[in-house]
Amino acid sequence: MAYKIQAVKLANHPDVRSKDVAESLGIHPVMLYRWQMEHRRRVNGVRVKFWH
């Protein structure tokens with residue numbers, strides 16, 4: 001899980017494109033977008049099975 005959180009934090013940086021982060025990690029950009037969405041939901045207090 002720490003790997004995913006670090007990827008999300010990096011992708012959320014204003015000077016970094018999510019697509020570039022995904023490419024550097026060897027994952028599909030859609031997967032990173034999913035992690036970002038799930039992280040936002042978790043931060044906003046919505047329970048997401050993925051993070052538990």
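Hi everyone! What you see is a predicted model, where local features need pLDDT of at least 70, side-chain atom pairs count only at pLDDT 80 or more, and totals for chains, interfaces and linings use all residues. Residues are numbered from 1 along each chain as its sequence is written, and side-chain values use heavy atoms, with hydrogens and water left out.

Let's start with the fold. The protein chain has 3 helices and 0 strands; these are DSSP runs, with at least four residues (H or I) for a helix and at least two (E) for a strand, numbered from the N terminus. Of its 52 residues, 29% are buried, meaning under 20% relative accessible area, while exposed is over 50% and partly exposed lies in between (1.4 Å probe, protein chains only).

Now look at helix H1, residues 2-11. Which of its residues are buried? They are Ile5, Ala7, Val8 and Ala11. These residues cover an arc of only 160° around the axis, so they sit on the same side of H1; that arc is taken from the directions from the helix axis to the C-beta atoms. On the face turned away from this buried side, you find the exposed residues Ala2 and Lys9.

Finally, the rings. There is 1 aromatic pair. The ring centres of Tyr3 and Trp35 are 6.0 Å apart and the planes stand at 75°, so the pair is edge-to-face. For Phe, Tyr and Trp (its six-membered ring), pairing needs centres within 6.5 Å; planes under 30 degrees apart are stacked, over 60 edge-to-face, and the rest tilted. Tyr3 belongs to helix H1 and Trp35 to helix H3, 32 residues apart. Tyr3 is partly exposed at 45% relative accessibility, whereas Trp35 is buried at 6%.
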